[in-house]
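Please keep the structure open while reading.

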Amino acid sequence: MKLPTIIKFGLIFFLGGIAGFLSCEWTYFEFDNKIVLVDLINLVLTGGLGYYIATALQNKIGSNRVEKDLLIEEIKKIKTELEKVQAYVDNGSIPFNEVLALLKSTSSNISSLILLIKLCKIQTDCGFPEIQRKTSQVKRLITNSPSISGSFVLSQSSKTSTLYLLKDLNNQLFKAIVSVNRHDHN
Amino acid sequence: MEELLKIASEFSTTPGARYLTDGKHSGQEFYEQILKKRFESLLKANLKLTIDLDGTHGYATSFLDEAFGRLSKDFGADVVIANTKFISNEEPYLIDEIKEYINEATNDN
């Protein structure tokens, strides 16, 4: 049979008191047969506060954690997609259809993330509009380049700019993860 | 009145790059074989063209620039903007991007 938490704690406290009373001589404490009303109120209030912290507050922290984990997972998805794009650019072989699909998916994931952040009421300095703008710049740099045999061919300057932007995006996404993780719901 | 042009079903689900020489389904091919003719005939009939961009694997900047930039060069940015409407639920930012190409193409002249 499962007992409610408050009854469990009450029982433990009561049994502890009896065990202590029986096993020790209780030389340090002296029990008075009078109860001071202020002390009684104090005891009830402290117990109530303890119970509130242990249950309601803990639940709230738990639900925020779920939201944060979900958002962090979404940011990681974007990070992984951009790392794949970076690997293609680094290798100098950028397959046309794969990269277009990857960039389309990244852009739509960023848009969804902006909506999710609004929904979770997280106000952070993640800078997702900036991330979206930079991703768009990456797309322009890559997909405005000539295509030969089903691959984009980037000039040296486009390659350098693209890699610089991708590195910058990677840092910004990492900062976004930290920012979401440390965000305090108030 | 409007008429719909859905790129994924009427042209390709994998639009290509800029020129015919770049490979299949280029922006040049789309413009010359579909977009220009359709826009011209609708303009004469006083109808507007709605272009649905959804359902493809994505668009290269070169494809969009070639197709809509040339439309703007041939008919004028104001005429194109006034007589076209875009649908893009999958990539809503594409609509602003295309409008930029339309305006830039006329400014380049």
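A residue counts as buried under 20% relative accessible area, as exposed over 50%, and as partly exposed in between. R65(A) has a relative accessible area of 32%, so it is partly exposed. The model is predicted.

**Salt bridges**

Over all chains, the structure holds 16 salt bridges.

| Pair | N to O distance |
|---|---|
| R65(A) and D69(A) | 2.9 Å |
| K134(A) and D168(A) | 2.5 Å |
| E66(B) and R18(B) | 3.5 Å |

Take R65(A) and D69(A) first. Both sit in helix α2 of chain A. They are four residues apart, about one turn of the helix. D69(A) is also partly exposed, because its relative accessibility is 38%.

Next comes the bridge between the side chains of K134(A) and D168(A), at 2.5 Å. K134(A) belongs to helix α4 of chain A and D168(A) to helix α5 (residues 156-182) of chain A, so the bridge ties together parts 34 residues apart in sequence. K134(A) has a relative accessible area of 11%, so it is buried. D168(A), at 23%, is partly exposed.

In chain B, E66(B) pairs with R18(B), with the closest N and O atoms 3.5 Å apart. This pair links distant parts of the chain, 48 residues apart. E66(B) lies in helix α3 (residues 61-75) of chain B. R18(B) lies in the loop between α1 (7-10) and α2 (27-44) of chain B. Both E66(B) and R18(B) are buried. They also belong to a network of salt bridges that includes E32(B), D65(B) and R70(B).

**A threonine between chains**

T143(A) is part of helix α4 (residues 128-143) of chain A. Its relative accessible area is 0%, so T143(A) is buried. Which atom of T61(B) does the side chain of T143(A) reach? It is the backbone nitrogen, at 2.8 Å. Beyond four places in sequence, T143(A) touches L100(A), L103(A) and F152(A) in chain A. In chain B, T143(A) touches A60(B), T61(B) and S62(B).

**The largest pocket**

The largest pocket has a volume of about 380 Å³. It is lined by 13 residues, and the closest to its centre are I6(A), F9(A), G47(A), G48(A) and Y51(A). Helices α1 (5-23) and α2 (37-91) of chain A each supply at least two lining residues. The largest share, eight residues, comes from α2(A). By type, the lining has seven nonpolar residues, six polar and no charged.

Terms used. Residues numbered from 1 in each chain as written. Chains lettered and ligands numbered in written order. Predicted model: local features only at pLDDT ≥ 70, side-chain atom pairs only at ≥ 80, totals over all residues. Heavy atoms only, no water. Buried < 20%, exposed > 50% of the residue type's maximum accessible area, 1.4 Å probe, protein only. Polar contact = N/O pair within 3.5 Å; in protein donor to acceptor, adjacent residues only side chain to side chain. Contact = heavy atoms within 4.5 Å. 1 Å grid on protein atoms, 1.4 Å probe; cavity = no way out; pocket = protein on both sides within 12 Å on 5 of 7 lines; lining within 4 Å. Points joined across faces, edges and corners; volume = space filled by probe spheres on them. Nonpolar A, V, L, I, M, F, W, Y, C, P; charged D, E, K, R; others polar. Salt bridge = Lys/Arg side-chain N within 4 Å of Asp/Glu carboxyl O.
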